[in-house]
Amino acid sequence: MNVTDSPVLVDADDDLDAALRRDGAVVVRGFDVADAADVGRVARSLAGRLMTEREGFAPRETYEADVYSSSKWPANQPMCMHHELSYATESPSLLVFGCLTAPAAGGDTAVADGQAVLRALPAELVTRFERDGWQLVRNYNDSVGVGWAEAFGSNDRHEVERYCAANAIDVEWRQDNGLRTSQVRPAVVTHPVSGERCWFNQIAFLNELTIDPEVREYLTLVFGPDGLPFTTHYGNGDPVEADVVDLINTVYQEHTRSRPWQVGDVLLVDNIRTAHSREPFEGAREIVVAMGDPLRPADLVVAR
């Protein structure tokens with residue numbers, strides 16, 4: 001990736017709000033973050049408030065209140081483009097990443113402009129998702145990924161049920177302490193500042209077809225075809241076709257920008273406008289993240 005294609009590099013003394021409005025994601029040097037507490041202080045100085053993650057799909061380490069490790073994802077596998085917590089009723093509008101340990105190779109946190117992605121997708125596909133939304137189906141169990149107690153911050157079933165009822169999530173308790181949930185969310189929202197329409201979802205990333213084929217085959221054997229950790233559908237419940245998943249990921253790739261991490265870097269991402277991903281890497285990698293200024297995506301949908 002050419003430097004000209006990379007997220008813009010700015011200094012900590014620059015007007016960061018203006019840079020973020022202009023570019024959607026910027027790498028800041030000059031904060032010199034050395035630990036998670038530093039990242040937390042920077043995030044709190046830039047965000048109106050930080051938010052506690054709920055419904056996480058991969059384990060994280062909590063360093064301090066609302067300051068986390070990046071998602072624990074196999075180093076040799078890419079993490080596809082996504083907008084953080086776009087499946088929740090409350091999503092962060094600002095992400096603050098800080099690099100404490102840069103990987104020996106790879107491991108970039110790449111970004112893609114959701115406005116440009118929306119313009120590049122076929123109009124008929126956008127129309128369907130804009131009309132019907134998208135559905136996320138998850139199966140929580142104690143063997144794979146994040147269990148329901150960790151995801152919802154409680155091991156009390158009644159408390160989880162109350163949370164789900166308040167957040168438009170359908171609940172089905174299953175055998176062996178399992179939980180199956182489904183929720184329909186908007187796929188296209190209007191940016192609260194620019195007024196631009198943005199592709200804002202995790203339709204491709206959380207589709208079962210993005211799971212490594214060998215892993216998916218094993219999970220299907222163990223849990224059955226309807227027991228995979230996650231998958232996505234059209235808002236009416238129809239499966240999302242493989243060619244649609246491939247198309248979305250291809251369009252993301254065509255609009256991907258990245259810059260190698262350096263220790264002390266801070267990456268600011270406008271989460272409504274800009275998707276992000278993580279490339280495979282070698283060696284140690286420690287990236288800290290805080291999520292700020294939450295918004296309700298449902299409030300950003302404009303009837304067409």
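In what sense do strands E9 and E11 pair, and over how many bridges? In this predicted model, E9 and E11 (residues 178-185) run antiparallel and are joined by seven bridges. Tryptophan 134 stands opposite arginine 185 of E11. Tyrosine 140 faces leucine 179 in E11.

Eight helices and 19 strands are present. The C-alpha trace spans about 55 × 40 × 35 Å along its principal axes. The radius of gyration is 19 Å, and this agrees with the value near 19 Å for a compact globule of 304 residues. Of the 304 residues, 53% are buried. Among contacts with a separation of 6 or more, 77% join residues 24 or more positions apart. The accessible surface of the chain comes to about 13,500 Å². Carbon and sulfur atoms contribute 48% of that surface.

E9 and E11 belong to an open sheet of four strands. The order is E10-E11-E9-E14, and the pairing is antiparallel. Strand E10 (170-174) and E14 form the edges, each pairing on one side only. On average, neighbouring strands of this sheet are turned by 15° against each other, direction ignored. Strands of a sheet pair through backbone hydrogen bonds, in either a parallel or an antiparallel manner. E9 meets E14 through five bridges, again in the antiparallel sense. Valine 137 has threonine 231 as its bridge partner in E14.

E9 (residues 134-140) is mostly covered, with seven of its seven residues buried. In a regular strand, side chains alternate between the two faces of the sheet. On one side of E9 lie Trp134, Leu136, Arg138 and Tyr140. On the other lie Gln135, Val137 and Asn139. Both faces are covered, and the residues on each are all buried. Helix H4 (residues 123-132) lies across E9, E11 and E14. The helix runs at about 100° to E14.

Is threonine 232 buried or exposed? Its relative accessibility is 1%, so threonine 232 counts as buried; the cut-off for burial is under 20%. Two polar partners are found for its side chain. A polar atom of the threonine 232 side chain lies 2.7 Å from the backbone oxygen of isoleucine 203. The side chain of asparagine 207 makes a polar contact with that of threonine 232 at 3.1 Å.

A second open sheet has seven strands. Its order is E1-E2-E16-E6-E19-E4-E3, with mixed pairing. Strand E1 (8-11) and strand E3 (62-64) are the edge strands, and each pairs on one side only. Here, neighbouring strands are turned by 30° against each other on average, direction ignored. Within this sheet, strand E6 (residues 91-101) and strand E19 (residues 286-295) pair in the antiparallel sense. Nine bridges join E6 and E19. Serine 91 has leucine 295 as its bridge partner in E19.

Helix H1 (residues 16-23) lies across E1, strand E2 (25-29), E6 and strand E16 (266-270). H1 runs at about 145° to E2.

Alanine 18 sits in helix H1. Its relative accessible area is 25%, so alanine 18 is partly exposed; this class lies between the 20% and 50% limits. Alanine 18 and histidine 83 are 65 residues apart along the chain. Their C-alpha atoms are separated by 21 Å.

Terms used:
Residues are numbered from 1 along each chain as its sequence is written. This is a predicted model: local features need pLDDT of at least 70, side-chain atom pairs count only at pLDDT 80 or more; totals for chains, interfaces and linings use all residues. Side-chain values use heavy atoms; hydrogens and water are left out. Buried means under 20% relative accessible area, exposed over 50%, partly exposed in between (1.4 Å probe, protein chains only). A polar contact is a pair of N or O atoms within 3.5 Å; within protein, one must be able to donate a hydrogen and the other to accept it, and residues adjacent in sequence count only if both atoms are side-chain atoms. Two strands pair if DSSP finds at least two bridges between them. Axes are lines fitted to C-alpha atoms, for helices over the stretch in contact, and angles run from 0 to 180 degrees between N-to-C directions. Contact means heavy atoms within 4.5 Å. The radius of gyration is taken over C-alpha atoms; the globule rule is 2.2 Å times the number of residues to the power 0.38. Accessible areas come from the Shrake-Rupley method with a 1.4 Å probe; for residues, only the protein chains shown count as cover.
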